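Work through the exercises below with the sequence and the structure in view. Try each task before reading its solution.

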Amino acid sequence: MEIRSKLLVPGLTDASDPTLQVDFTSRNEHRITVTETPMITPLDVIALLEGGHLWKLRMPLPDASQDPHIPENLTQIAEAMARKYTTAEYWWREGSRNG
């Protein structure tokens, strides 16, 4: 999975020449980095509790027979996410969307 990060790098340079009518120059840079990371790691499903003691965690698997809202497989989950995905470009439309 790719994680994208944006870093804002502001800068300022004083003008050392007293004959110029410019006291300083400034700049703003946006840097984008891409980092590869696994979606889930073993560290995501362990817990250190009670002073650093390792605990095993149990997570129940979704059971579609008991809940009609749980998709039957990962493909359905991915398709539902793709249908509902929006970027910040259209944030003003979010209130008017129907699920």
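**Exercise 1.** Find which residues are linked with Arg27 in a network of salt bridges.

Solution. Start with the rule: a salt bridge is a side-chain nitrogen of Lys or Arg within 4 Å of a carboxyl oxygen of Asp or Glu. Side chains of opposite charge can pair when their charged atoms come close. Arginine 27 and glutamate 29 meet at 3.8 Å, N to O. Arginine 31 and glutamate 29 meet at 3.0 Å, N to O. The network therefore consists of Arg27, Glu29 and Arg31.

This is a predicted model, in which local features need pLDDT of at least 70 and side-chain atom pairs count only at pLDDT 80 or more, while totals for chains, interfaces and linings use all residues. Residues are numbered from 1 along each chain as its sequence is written, and side-chain values use heavy atoms, with hydrogens and water left out.

**Exercise 2.** Decide whether arginine 27, glutamate 29 and arginine 31 are buried, partly exposed or exposed.

Solution. Buried means under 20% relative accessible area, exposed means over 50%, and partly exposed lies in between (1.4 Å probe, protein chains only). Arginine 27 has 45% and is therefore partly exposed. Glutamate 29, at 30%, is partly exposed. Arginine 31, at 42%, is partly exposed too.

**Exercise 3.** State how many salt bridges there are by the rule, and describe the one formed by arginine 4.

Solution. The count comes to three salt bridges. Arginine 4 pairs with glutamate 2, with the closest N and O atoms 3.1 Å apart. As for their accessibility, arginine 4 is exposed at 60%, whereas glutamate 2 is partly exposed at 41%.

**Exercise 4.** Give the order of the elements from the N terminus on and the share of buried residues.

Solution. Helices (H or I, at least four residues) and strands (E, at least two) are DSSP runs, numbered from the N terminus. The protein chain has one helix and four strands, in the order β-β-β-β-α. Of its 99 residues, 2% are buried.
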